Amino acid sequence: MTLHLANPHPLDAPAVLAWYDRHARDLPWRIPPAERRAGIRPDPYRVWLSEVMLQQTTVAAVKAYFTRFTNLWPSVHDLAAAPLDAVLREWAGLGYYARARNLHACAQVVVRDHGGVFPATSAALRTLPGIGAYTSAAIAAICFDEPVAVLDGNLDRVLARYHALPVPVREAKEDLRATLQASVPARAGDFAQAMMDLGATICAPRKVACLLCPLQPGCRGTRTADPVAFPVKPAKTDKPTRHGHAYVMRDADGDVFLRSRPGKGLLAGMTEVPTTEWSSTAHETIPPVSAAWRLAGQVVHVFTHFRLELDVWTATVSPEGLGDGWWADPGTLRSEALPTLFRKVLATAGLQ
DNA sequence: AACGCGGGGGT
DNA sequence: ACCCCAGCGTT
């Protein structure tokens with residue numbers, strides 16, 4: 001069903017752009033508005049890389065990864081030619097590891113099927129691995145000024161407040177998209193970035209500065225008792241806890257046993273140390289080999305949809321009968337594709 | 001349409 | 001101790 005938004009007017013795009021001209025954040029992948037207006041266009045490779053890294057990830061967390069990736073792989077050709085292992089290693093710690101696999105796959109498609117040149121329309125970009133509705137629109141607007149609605153979590157919040165939306169955003173997503181689409185001006189890329197900057201600074205999740213906002217005149221939310229009450233949240237479900245044991249094994253040389261996780265599912269393709277199953281009830285330790293095991297401590301790690309408590313055991317073992325894996329010198333752990341969970345495990349065992 | 005998928009910065 | 005972040009792919 002179509003939900004009629006309380007505020008039928010398009011956004012005041014000229015006011016938003018005027019604000020952006022004065023207050024645009026300086027970001028490593030961004031062309032500042034003055035240069036952008038002078039006709040300088042951003043490198044689609046850098047915009048794409050930043051947008052993928054920024055999926056569900058904060059600017060602060062992305063910056064160092066972006067610098068490292070662009071230093072290692074300055075062009076899409078370089079990234080496409082890199083081994084997937086190297087990309088996963090560099091991505092370790094950033095989360096949502098399917099992004100790294102799709103990033104690599106996308107680079108290879110761009111090189112193989114598009115001559116190393118990113119497609120210039122949102123529709124064509126949308127077909128590439130790891131590029132969905134948001135990212136395709138963002139790249140097309142920012143790089144090519146395609147007049148398309150760029151709707152992310154920031155915009156969900158800004159628009160929910162602008163309309164004083166009485167239902168969770170998910171129930172009105174297409175209505176929000178339609179009103180945003182009707183507001184997109186000629187400087188579509190700057191408008192998209194302006195709206196996201198607005199959401200990150202003036203219309204932040206738990207703090208608003210309505211008096212500084214270029215959208216304040218038309219905003220319904222600012223006229224309510226508590227603009228921060230929008231967007232209305234769906235009822236939250238509480239997070240279950242799972243338990244397990246992790247086994248940090250070292251051989252006579254002090255090397256530590258590592259292996260690769262399966263190619264699908266949680267932390268797919270990343271490096272781990274062996275663990276038991278992670279079950280909803282605590283269970284006894286089931287070591288992979290017989291040895292003089294010592295309990296080193298416990299690690300607590302929170303994923304999107306559950307909380308994990310792992311008891312960390314250590315032992316010196318003989319290097320037979322452990323199946324696929326490898327023995328790593330503790331000094332080289334920094335360059336392994338270890339997600340944060342297993343870095344915590346190794347730290348608890350006295351490594352790293 | 002709903003769900004699985006990380007990790008960290010901000011409050 | 002929360003909340004939420006420049007979402008996507010699968011089912």
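Why does the second largest pocket lie between domain 1 (13-229) and domain 2 (241-348)? Both domains give residues to its lining, so the pocket lies between them; the domain bounds come from an automatic or database domain assignment.

A note for all views: this is a predicted model, in which local features need pLDDT of at least 70, side-chain atom pairs count only at pLDDT 80 or more, and totals for chains, interfaces and linings use all residues. Residues are numbered from 1 along each chain as its sequence is written, chains are lettered from A and ligands numbered from 1 in the order written, and side-chain values use heavy atoms, without hydrogens and water.

**View 1. The largest pocket holds about 740 Å³ of space.** Its lining has 29 residues, and Leu54, Thr57, Asp152, Asn154 and Met196 are the closest to its centre. A pocket here is an open set of points on a 1 Å grid over the protein atoms alone, where a 1.4 Å probe fits, with protein on both sides within 12 Å along at least five of seven lines; lining residues have an atom within 4 Å of a point. Volume is the space filled by probe spheres set on the points, which are joined across faces, edges and corners.

**View 2. Helices H3 (44-53), H9 (133-144), H10 (153-162) and H12 (188-201) each give two or more residues to the lining of the largest pocket.** Helices (H or I, at least four residues) and strands (E, at least two) are DSSP runs, numbered from the N terminus.

**View 3. The second largest pocket holds about 500 Å³.** Among its 20 lining residues, Gly95, Tyr96, Tyr97, Leu267 and Phe303 lie nearest the centre. Helix H7 (98-114), strand E6 (294-302) and helix H13 (340-348) each supply two or more lining residues, and H7 gives the largest share, 3 residues.
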